[in-house]
Amino acid sequence: MATSANDVEALISKGYKAGFITEVESDTAPPGLNEDVIRLISSKKNEPEWLLEWRLGAFRQWLKKEAPRWAHVRHQPIDYQAISYYSAPKSRKDGPKSLDEVDPKLLETYEKLGIPLREREILAGVAVDAVFDSVSVATTFREKLAEAGVIFCSFSEAVQNHPELVRKYLGSVVPVADNFYAALNSAVFSDGSFCYIPKGVRCPMELSTYFRINAAKTGQFERTLIVAEEGSYVSYLEGCTAPMRDENQLHAAVVELVAMKDARIKYSTVQNWYPGDEEGRGGIYNFVTKRGECRGENSQISWTQVETGSAITWKYPSCVLTGDNSTGEFYSVALTNNCQQADTGTKMIHIGRNTRSTIISKGISAGRGQNAYRGLVKVTKGADNARNYTQCDSLLIGPKCGAHTFPYIEVKNPTARVEHEATTSKVSEDQLFYCRSRGISREDALNMIVNGFCREVFKELPMEFAVEAQKLLGVSLEGAVG
Amino acid sequence: MSTAATANLLPEFERVSASLPGDARVAERRRAALARFAASGFPSQRDEAWRYTSTAGLARRKHSVAIDTPVNLARGRAALAAAGAWDGPQCVFVDGSHRPDLSNAVAAAGLRIRPFAAAVAEDGRIGERFAGWGGEELSPMISLNAAFAADGVVIDVADGAEHGEPLRLLFVMTADVRDRAVFPRVIVRAGQRSSLAVVEQYVGESAADGFTNTVTQIHAGEGARVTHYRLQDESPKAYHVGNLIVSQERASEVVSHSLSFGALLARQDIHIMLSGPESSVTLNGLYMAEGRQHVDHHTRIDHFEPTTRSEEYYKGILGGHGRGVFNGKVVVHQHAIKTDAQQSNKNLLLSNDAEVDTKPELEIYADDVKCAHGATVGQLDEDALFYLRSRGLDESAARALLTYAFAGDILGRLGIARLQKELAARIAGRLPGAAEFLEAV
């Protein structure tokens with residue numbers, strides 16, 4: 001009854017369904033990175049002087065840094081001078097005012113990805129700030145959000161229209177010199193999303209951004225900044241796919257969240273970028289810095305992620321719990337398969353009193369995938385009555401994969417209660433046998449067991465995403481057992 | 001690159017190298033080991049394995065490798081008396097040198113015990129073995145020991161020989177020489193189906209500020225059973241760095257107990273290599289820190305072969321400004337299917353300034369395995385305290401009782417009754433209010 005090698009191979013050979021390339025003329029900067037390129041990016045985007053200085057400052061810090069080598073991943077060194085740091089669709093110049101003005105080819109791309117913008121507008125009530133290769137081209141439901149006072153726009157627009165907000169919060173959670181990739185992003189970030197929820201406002205809809213990497217050899221450097229003022233609430237969805245390419249593409253995004261007093265931010269991600277082929281050729285390098293700060297009392301930040309794509313994932317959505325009674329949550333499902341490598345986890349930094357954090361991490365390894373959980377729970381001296389619960393479970397499918405756990409726990413306050421648990425096992429033959437005896441096919445049984453394994457995380461996802469995530473796992477596991 | 005911190009150890013080596021035991025080939029190996037240490041120096045906090053433990057104190061010292069200074073026996077005897085009585089066989093070392101006059105290790109059938117210095121002098125191959133087999137890649141501290149190792153003990157157990165009575169190796173540090181550095185080396189080779197229990201105990205005069213850098217190597221042959229105890233109770237001014245390297249053949253069973261109470265800085269590395277199928281290991285540990293003590297345990301278990309088993313139980317009690325560090329790593333290699341690995345680390349913080357850093361790690365490259373680990377950090381349960389108070393215990397006695405009970409399961413696994421009793425008293429001695437209930441224990 002063992003999972004046979006053939007089945008695993010079938011799983012591995014599963015094609016990447018979102019693999020296609022849209023040919024759109026790109027306005028692309030020549031490869032290479034120096035201060036002139038940064039000036040070019042800044043001037044192309046018509047940015048104020050202070051932002052250019054900020055970028056240059058970050059660039060100078062980046063030059064002094066070395067790429068981190070502590071992660072449990074292996075890859076060839078990246079030639080940062082071979083990457084082009086700016087690429088914008090041609091149609092961008094005039095700026096589309098509605099969907100009709102958007103390049104039809106782009107719309108076609110979204111169709112293929114199953115993101116019918118207009119349908120979504122009506123059916124799901126989701127405002128989509130779609131990012132196509134670094135520059136936002138379509139934003140919907142702007143008026144409805146504006147009515148509530150919510151600002152939701154591309155980062156470049158925010159720089160033009162709300163410079164005071166951007167200047168106040170940009171880099172306040174992830175400082176420019178935070179790490180190698182964050183510094184790089186700060187220097188060259190192209191675009192991204194900006195979201196501001198004013199005091200006391202409950203955002204009337206779930207905000208969603210679809211990211212997509214397109215032109216070959218252009219790294220994508222998204223910058224997302226979400227600020228939730230006192231007593232506000234926002235749920236933000238991020239999902240992404242990328243077309244098939246044989247070239248490794250670097251993605252170094254930075255996401256910053258700021259939650260003021262009594263505010264709540266829920267950030268959900270489904271990541272399904274191109275993972276590379278069976279031999280590990282190609283695929284996205286996803287080196288992302290995500291961090292939220294619970295700045296005010298009783299604030300709450302919740303990260304939920306489903307990571308099934310990318311050749312390499314290096315990502316640690318974190319919470320800095322500064323405000324008293326604030327709460328941080330991290331729910332994660334990470335699946336690695338073929339030659340995929342993931343080193344992902346979270347950091348929970350307890351600073352305020354009575355702060356609480358929960359970490360639920362589910363790792364699934366198949367094929368030759370390497371899946372690592374790396375987490376830090378830090379209770380600083382003043383964080384009285386801090387409470388953390390961490391659970392990391394790994395599921396292994398096939399004899400050549402790996403599952404690793406590297407949890408760091410640092411406690412400087414005796415009133416803290418920190419618990420960490422981790423288990424690793426393979427799919428139980430007993431469970432499979434039981435399902436089979438009830439007339440369920442092995443494939444469905446495995447699907448069921450894996451979905452059950454991930455349930456605690458999926459139930460944290462907004463409904464649309466939960467469906468998508470289950471479907472994603474189902475696709476990835478097709479043929480895993482026969 | 002900054003120059004590696006080696007304190008004054010390189011010139012010390014030149015000064016004493018002629019007095020170190022072994023022939024020219026051993027001397028050559030020592031020199032090579034020293035070169036390896038010199039290249040890396042004392043580990044810095046940039047090294048992941050030393051992230052929470054600073055060796056700055058060691059790198060600043062003016063170490064005195066005083067192997068040519070005569071041992072002050074009177075002081076040694078006094079410190080020895082404080083270590084507790086032992087009626088079984090034992091080897092005693094004062095300031096790093098073996099003292100036959102204080103030892104009573106009688107060789108039994110199938111058991112050969114030799115002082116390290118003598119063993120190396122008469123058989124250069126042991127020297128080769130200790131320098132080549134020692135896994136210097138594991139830590140620069142092992143290279144440092146390989147360069148300077150002057151004494152210690154070599155224990156050979158013949159195939160099938162069973163020795164139920166534990167052998168004590170007592171290392172006494174006096175305050176006779178300031179900043180003394182000693183480098184004991186213990187080699188245990190247990191033949192097929194043999195059994196042996198060894199107790200390594202480290203004590204010192206209260207003013208002794210020495211640096212002990214010790215390496216113990218255990219090789220457990222097929223079906224062998226080896227129990228190793230390490231009781232580190234050096235003076236609160238001492239520096240103690242220990243490495244235990246264990247390699248296990250098929251179906252061997254090793255149990256390691258590590259209890260750490262003393263030293264200003266105590267670091268213990270345990271490397272277990274389960275190199276034979278069906279081999280198993282149990283690691284049992286307790287660490288206590290108070291005042292400004294810093295105690296660090298790093299354990300690594302490599303499951304190389306199928307159907308190997310490991311269990312690990314470590315507990316820490318941290319008071320004062322004490323700091324505890326635990327890093328437990330379990331690696332299951334691709335070949336090692338049907339591995340069962342369990343690990344737990346629990347820490348109790350007793351004061352506002354105590355700190356703990358724990359990192360239980362799993363690295364798994366095989367699918368058919370059962371692995372789990374858990375780690376907790378907390379303080380005494382308020383409800384339990386309240387209950388004891390309601391039964392008439394005062395605050396300090398109630399706290400002491402609960403803290404003592406926390407350590408109870410680790411003590412319970414020791415297996416040697418008198419040791420258990422002695423250590424129970426040692427723990428209770430550090431808990432204000434414990435006298436009240438200890439009578440009854």
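1. Contact of helix H3 with helix H9 in chain A. In this predicted model, Arg55(A), Ala58(A), Phe59(A), Gln61(A) and Trp62(A) of H3(A) meet Phe180(A), Ala183(A), Leu184(A), Ser186(A) and Ala187(A) of H9(A); two residues are in contact if their C-beta atoms, placed from the backbone, lie within 7 Å. By class, this contact has seven nonpolar, two polar and one charged residues (Ala, Val, Leu, Ile, Met, Phe, Trp, Tyr, Cys and Pro count as nonpolar, Asp, Glu, Lys and Arg as charged, and the others, Gly among them, as polar). Helices (H or I, at least four residues) and strands (E, at least two) are DSSP runs, numbered from the N terminus.

2. Geometry of the pair. The axes of H3(A) and H9(A) are 7 Å apart, and the packing angle is about 150° (axes are lines fitted to C-alpha atoms, for helices over the stretch in contact, with angles from 0 to 180 degrees between N-to-C directions). The crossing is left-handed, that is, the near helix is turned anticlockwise from the far one by less than a right angle.

3. Among the buried residues are Tyr181(A), Asn185(A) and Val188(A). Their packing partners include helix H2 (35-44), strand S8 (222-228) and strand S13 (284-294) of chain A.

4. Interface between the chains. Chain A places 30 residues in contact with 31 residues of chain B. On the side of chain A, strands S22 (387-397), S23 (402-411) and S24 (417-426) each give two or more residues. That side has 15 nonpolar, nine polar and six charged residues.

5. S23(A) pairs with strand S19 (residues 355-364) of chain B in the antiparallel sense, over six bridges (pairing requires at least two DSSP bridges). Val411(A) stands opposite Val356(B) of S19(B).

6. Chain B as a whole. Eleven helices and 20 strands form its secondary structure. Its radius of gyration, taken over C-alpha atoms, is 21 Å, close to the 22 Å that the globule rule (2.2 Å times the number of residues to the power 0.38) gives for 441 residues, so chain B is as compact as a globular protein of that length. Buried residues make up 55% of the chain.

7. Conventions. Residues are numbered from 1 along each chain as its sequence is written, and chains are lettered from A and ligands numbered from 1 in the order in which they are written. Local features need pLDDT of at least 70, and side-chain atom pairs count only at pLDDT 80 or more, whereas totals for chains, interfaces and linings use all residues.

Conventions
A residue is buried if 20 or more other C-beta atoms lie within 10 Å of its own, exposed if 12 or fewer, and partly exposed in between; C-beta atoms are placed from the backbone.
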